[in-house]
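Hello,

Here is the structure I promised to pass on to you. Have a look at it first, and then read on for what turned up.

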Amino acid sequence: MENLLTNDQIMLNTVCSTKDELFDIVSQRAFELGICDSADGVKADLLARESEMATGINCGFAIPHTKSAHVQHPAVMFVRTTAPLEWETLDGSEVTRVIALLVPESGQNTHLRMIAHLASSLMDPEFIEFLSAEEDVDALREKISERLSE
Amino acid sequence: MKVVAVTACISGIAHTYMAKSGIENACKAIGASCHVETQGAMGIEDRIPQDEIDAADVVIFAVDTTVTERDRFEGKKVLEVGTSECVKDAAGVVARAIELVG
């Protein structure tokens, strides 16, 4: 089973000041890791989805995502920023925790299902707390991977 | 109280499932039975059987797009909201749905 998440896809203490910069960082890393074939392309697709309906949720979290022709294989990326980002959220909080979900246009059901499980987990306050506080990247990777396959 | 719901967001990747989770937890908290069908990127999943729809007290559509096979719910009392509302305050949405049917 393909890995949706590697340690390189978890970026803590990320320095950026805007949502746009955050999308740059995510797209660039995705390109470097071979997750997408074009950083600009995937960034544009993330922005397009974002403009349809903002993906900020609660407790400083946002879940930008896209089903994109530029995405080569499904991937989850987790970013924590050092400064809060202005972002339209459900509870009015600023965003410091971003879970980006990148899915190929022809997304296979197995992977979509894994991502659906992870999305559901974001409604669990314990998981949100864990994602907000845990400093160890291995622990984060393990726990997020667990939630992908539950 | 028997609640059935359909969730469907724009991309069908995330909000569809968060809304489902929200509604399920909210119904559980108040002891209402609940069956949530998702209409996401994988198509219709956890399809609600017609007899359950017929027996339901109220229907919740947590959707940002059209409901597929909406005719199954004809004649039912429906509360229609966006998926985000269920992510933000599912308990509130379920309460409003129940209020609809007294």
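A question to start with: what is the count of salt bridges between chain B and chain A? The count is one. The partners are E45(B) and R113(A), whose side chains meet with 2.3 Å from N to O. Alongside that, five residue pairs are in polar contact between chain B and chain A, counting pairs with both residues at pLDDT 80 or more.

Please keep in mind that this is a predicted model. The predictor gives an ipTM of 0.91 and a pTM of 0.93 for the complex. For chain B, the mean pLDDT is 97, and 100% of its residues reach 70 or more.

Now for the contact as a whole. Chain B brings 18 residues to it and chain A brings 21 residues. About 1,800 Å² is buried between the two chains, and carbon and sulfur atoms give 70% of that area. On the chain B side, the residues that lose the most area to chain A are I13(B), M18(B) and M42(B), which together make up 34% of what that side buries.

To find your way around chain B, look at the polar contacts again: there are five such residue pairs between chain B and chain A. On the side of chain B that touches chain A, the elements giving two or more residues are α1 (15–29) and α3 (83–100) of chain B. Sorted by class, that side has nine nonpolar, six polar and three charged residues.

Happy exploring, and do write back with any questions!

Best wishes

Terms used
Residues numbered from 1 in each chain as written. Chains lettered and ligands numbered in written order. Heavy atoms only, no water. Contact = heavy atoms within 4.5 Å. Buried area = accessible area lost by both parts, 1.4 Å probe. Salt bridge = Lys/Arg side-chain N within 4 Å of Asp/Glu carboxyl O. Polar contact = N/O pair within 3.5 Å; in protein donor to acceptor, adjacent residues only side chain to side chain. Helix = DSSP H or I, 4+ residues; strand = E, 2+ residues; numbered from the N terminus. Nonpolar A, V, L, I, M, F, W, Y, C, P; charged D, E, K, R; others polar. pLDDT = per-residue confidence, 0-100.
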